[in-house]
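Welcome, and please open the model in your viewer. We will go from one selection to the next, with a short note on what is there at each stop.

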Amino acid sequence: MRDATLCGSISTSLLYRWAENQSRAAFRQITVKTPQLVEMDDQKESLRKITNTLAVKNEEIQNFICCLKQSLENLEANSTRVQEDLVAEFASLSSTLEGLKEGMITRIKQERASRTYELQNQLSACTKALESSEELLELANQTLCSSDTDSFNQAAKEIKDSVTMAPAFRLSLKAKASDSMSHMMVDFAQEKEMLQAIKFLPVPATPEIQERDCLVSDNTATVVWSLPEPDSKIDHYVLEHRRTNHEGPPRSKEDYPWMVMEGIRETEFTLTGLRFDTRFITFRVKACNKAVAGEFSEPVTLETIAFVFKLDSGTAHQNLRVEDLSVEWDSSGGKVQEIRKDKNRTNSPMNSPARNAVMSPKRAPSARVGRDRFTAESYTVLGDTAIDGGQQYWEVRFDKESKAFAVGVALRTLGRFDQLGKTSASWCFHLNNWLQQSLTAKHNNKARALDCPVPDRVGVYCNYEEGILSFYNGRSKQLIHTFRTKFPQPVVPAFMVWNGSFSVQTGLQVPSIVQSGQKRSSDASSSNTSLT
């Protein structure tokens, strides 16, 4: 029995060792790649790159095919249209000539009738005068043959009186109207040459946008273009621009329409007051003379770097009514608001409305994707896009009669009971109108009084790498206060309002005056020292 037990124990031990060896061999087989497997992985990676390249190229070709098909359709429609216009123009010209001919024939007829009337009247008068003169002549001849002295003298006196009053001596023997009609003749030799010289209208040359001279800054875009050769017949230019999230040639189907600027007299134009909520803006321009417009230039796409975000209604205190970028205090309170979710948006700070992570090249999801609403006396709502790099700027208009208002930045980990500026996780500009008005900069439950008038619009500047958070008068761009710190992790725009309202304006570039001011004040002065 003992031997049997020993044999069984040895067998079990051997079995365990065999299984362990098999497991180790399998692990080595899995973990240690042969040269063939390494080469295969390299080939796969290379093939993936080729696949991606081919997919991009196929998309470009498909887009170009769509453009070609659209061009063919446009060519057919445009050819038919210009042919119809040409026929109509010739018909109009023929009608004009026919009308001119009828008018000139009518004038000839009228002239002939007028002259005929004059000559007929003159002929009639002359005929009657001739008849009267012939009668007098015959009477005079008869009188000359008379031998009676008394009767001769009497007859001679009557004849003399009759001749004096005879119509023949009162007539003008010059025709009242000429028989010439040479003044009614025409010579269309010059007009024929003009007609033979008829050709298609001279089309203005196609302008070329000088991309190196174009400028995008301060939410304005200046576009500069030129013509291949000077053309004094150019009357004006038409500039079109369109927002897009795609770099490169225009696609057959874009999300945004072309916006048209007409009547431009110079070869440069500046668009102001733009809101950059897409990654790029595309421009094209054409020249026009007084008769026809030329072809559009090749489109030029300019990058529009700006900070775009929306308010995360999922974080909003239940007393705050969030509508897009506007917030209003809801005195009814205690009612859970409906969280409006964009089909193309998540709560991840990776997401940005209408553009894909262009504000921060180092963007990465935070450890905490979602969070609870703020509650109790933390009447707060956060932005939905994290700042983890670069320089960002946005503005907020607020009701100056609000009982309390604050704007700044906060960590995503800001507690749902925490008020802005009361902990180390938030920095803010704070207005208090409760009992006594005060304007302060707050962080970590420390406040610095701000000696300046209460603005109705505040600009917020954040330089993440440098740890700078500055507040400006949104109208004058006058610096109000600057925090200098080191952000421990990405921050998000943060807002608070009690018994009031505010609205946020995003898609703004950092104003030039703010950038230059930040450079000048790189060495912090005592007036804008950070709170510690």
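One definition to begin with: a salt bridge here is a side-chain nitrogen of Lys or Arg within 4 Å of a carboxyl oxygen of Asp or Glu. Two notes on the ground rules follow. This is a predicted model, so local features need pLDDT of at least 70 and side-chain atom pairs count only at pLDDT 80 or more, while totals for chains, interfaces and linings use all residues. Residues are numbered from 1 along each chain as its sequence is written, and side-chain values use heavy atoms, with hydrogens and water left out.

**Stop 1: salt bridges**

Select K310 and D324, whose side chains form a salt bridge at 4.0 Å, N to O. K310 sits in the loop between β8 (300-303) and β9 (311-312) and D324 in the loop between β10 (320-323) and β11 (326-329), so the pair ties together parts 14 residues apart in sequence. The strands named here, and the helices to come, are DSSP runs numbered from the N terminus: helices are H or I with at least four residues, strands are E with at least two. K310 is partly exposed, at 30% relative accessibility. On this scale buried means under 20% relative accessible area, exposed over 50%, and partly exposed in between (1.4 Å probe, protein chains only).

Next, pick E395 and R457. Their side chains meet in a salt bridge of 3.2 Å, N to O. This one links distant parts of the chain, with E395 in strand β13 (residues 391-398) and R457 in strand β18 (residues 457-463), 62 residues apart. Are these two partners buried or exposed? E395 is buried at 5% relative accessibility, and R457 is buried at 13%.

Now show D235, R265 and K290 together: salt bridges that share partners join them into one network. The count for the model comes to 15 salt bridges.

**Stop 2**

Because they are four residues apart in helix α2, about one helical turn separates them. D85 is partly exposed at 39% relative accessibility, and R81 is partly exposed at 43%.

Then select L86, F90, L97, L100, L195, I198 and F200, which make a nonpolar surface patch of about 700 Å². Patches are built from residues with over 30% relative accessible area and no salt bridge, joining nonpolar side chains (Val, Leu, Ile, Met, Phe, Trp, Tyr) within 5 Å and like charges within 9 Å. Areas come from the Shrake-Rupley method with a 1.4 Å probe, and for residues only the protein chains shown count as cover. F200 is in the loop between α4 (189-196) and β1 (208-209), and counts as exposed at 68% relative accessibility.

**Stop 3: the nonpolar cores**

Which residues touch the most other members of the largest nonpolar core? Select L311, W394, V407, F495 and F502, which hold that place among its 53 residues. Strand β14 (residues 404-411) gives the most to this core, with seven residues. A nonpolar core is a set of buried Ala, Val, Leu, Ile, Met, Phe, Trp, Tyr and Cys residues joined through side-chain atoms within 4.5 Å.

Centre on V407. Beyond its neighbours within four places in sequence, V407 is in contact (heavy atoms within 4.5 Å) with residues including W394, V396, W427, F471 and F495. A second, separate core has 21 residues, among them I264, V300, L302 and A306.

**Stop 4: E240**

Select E240 in strand β4 (residues 236-244). E240 is buried, with a relative accessible area of 9%. Its C-alpha atom is 5.9 Å from that of W258, 18 residues away along the chain. Leaving aside neighbours within four places in sequence, the contacts of E240 include W258, M259, F283 and F296.

**Stop 5: helix α5**

Finish at helix α5 (residues 512-520), where the buried residues are V514, G517 and Q518. They pack against β13, β18 and β19 (468-473). On the other side of α5, K519 and R520 are exposed.

**Zooming out**

Of its 532 residues, 35% are buried.
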